[in-house]
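Dear colleague,

I am passing the structure below on to you, together with some notes on what turned up in it. Please read the notes with the structure open beside them.

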Amino acid sequence: MYLDAGYLAVAVFFFYSGYGLMKKGISQKKGFFKKRLPKILFPYVITMAIYWRIYLINGDVKDIGSLFSEHYQSDRGISFLWYVFVYLSWIAFFGLSLRVIKEDKRILGVSCLFAVGVILFCLLTIPYFFWVYDTILLIPVGCAWQCYEKNIVGWIQKHYYLFLVVCFMGFIGSCIARMHPVLLVPAYMCSAILFVVLLNVVTMKLRLQGKILSFLGAISYEIYVLHGIPITFLKDVIPSEALWTVSVLLTTMIGAYVMHEIGNRTWNRLAQGQGIMLKERQHAGN
């Protein structure tokens, strides 16, 4: 059940990744890569080091190539980290697009073509891995939502309840259609998109705010990259399904918070150091 529903969580991550890239990236062309790459790579490298160490303790010696290859083996917790590669490729594409393309809508159009290209590449190079194919379109969907947010929200509010019912029925229908082998991939794609749209529609009326949600939102990326570790390695240690679930949630959130704080403090110190050096250079120049 967790694995089958997991693609919906990935869809939400990708949607807000695309939304954030479109909203902040357009206004932050200078230093685009410098502001994003360390915060993405640091949790990923730490997580990979933890996987390697746990494997080593269990007597399973792995080299870097083996760890990378397991990113696309769906029976391993480390396979969740494929998200990082897709997200990094999108950041690289988006950052380069900002330097070449000036209009927001053109960047949006090219990002849609890029999404199709990524899906085709995956289809040709790796076996069917449904989280990749079924959620990748949520990045351009997130970009489009941010680009046309006023128009989209305005239209939905005028037809709120009708749209809510149609969206919900479409989501249920696409989930049922997944049972047919021919419709498997498009049905998963549709259900992922409709779920995120449905989530946005519901939260228009139900305002979800508070310190807990803000806290979880701040460490959401770290939660994602880390959660595969307790899922994989606590299963054999904790036989109780309920206790295992609670342990996974607590371990993931505590680890994500610690990693987030270490990263933030590191980048803040580096930024302060660079600021001091810049002031000293300006003072020396005067």
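Which side chains meet in a salt bridge? Before the reply, a word on the source: this is a predicted model, in which local features need pLDDT of at least 70 and side-chain atom pairs count only at pLDDT 80 or more, while totals for chains, interfaces and linings use all residues. Residues are numbered from 1 along each chain as its sequence is written, and side-chain values use heavy atoms, with hydrogens and water left out.

The partners are Arg265 and Glu261, with 3.7 Å from N to O; a salt bridge here is a side-chain nitrogen of Lys or Arg within 4 Å of a carboxyl oxygen of Asp or Glu. A search of the whole structure finds one such salt bridge. The two residues lie four apart in helix α14 (residues 241–285), so about one helical turn separates them. Arg265 is exposed at a relative accessible area of 54%, whereas Glu261, at 23%, is partly exposed, where buried means under 20% relative accessible area, exposed over 50%, and partly exposed in between (1.4 Å probe, protein chains only).

As for the chain as a whole, it has 14 helices and zero strands, both taken as DSSP runs numbered from the N terminus (helices H or I, at least four residues; strands E, at least two). Of its 286 residues, 37% count as buried. Among contacts (heavy atoms within 4.5 Å) with a separation of 6 or more, 73% are between residues 24 or more positions apart.

Finally, the cysteines: the count of disulfides (pairs of cysteine sulfur atoms within 2.5 Å) comes to zero. Cys175 is partly exposed at 21% relative accessibility, and Cys190 is partly exposed at 40%.
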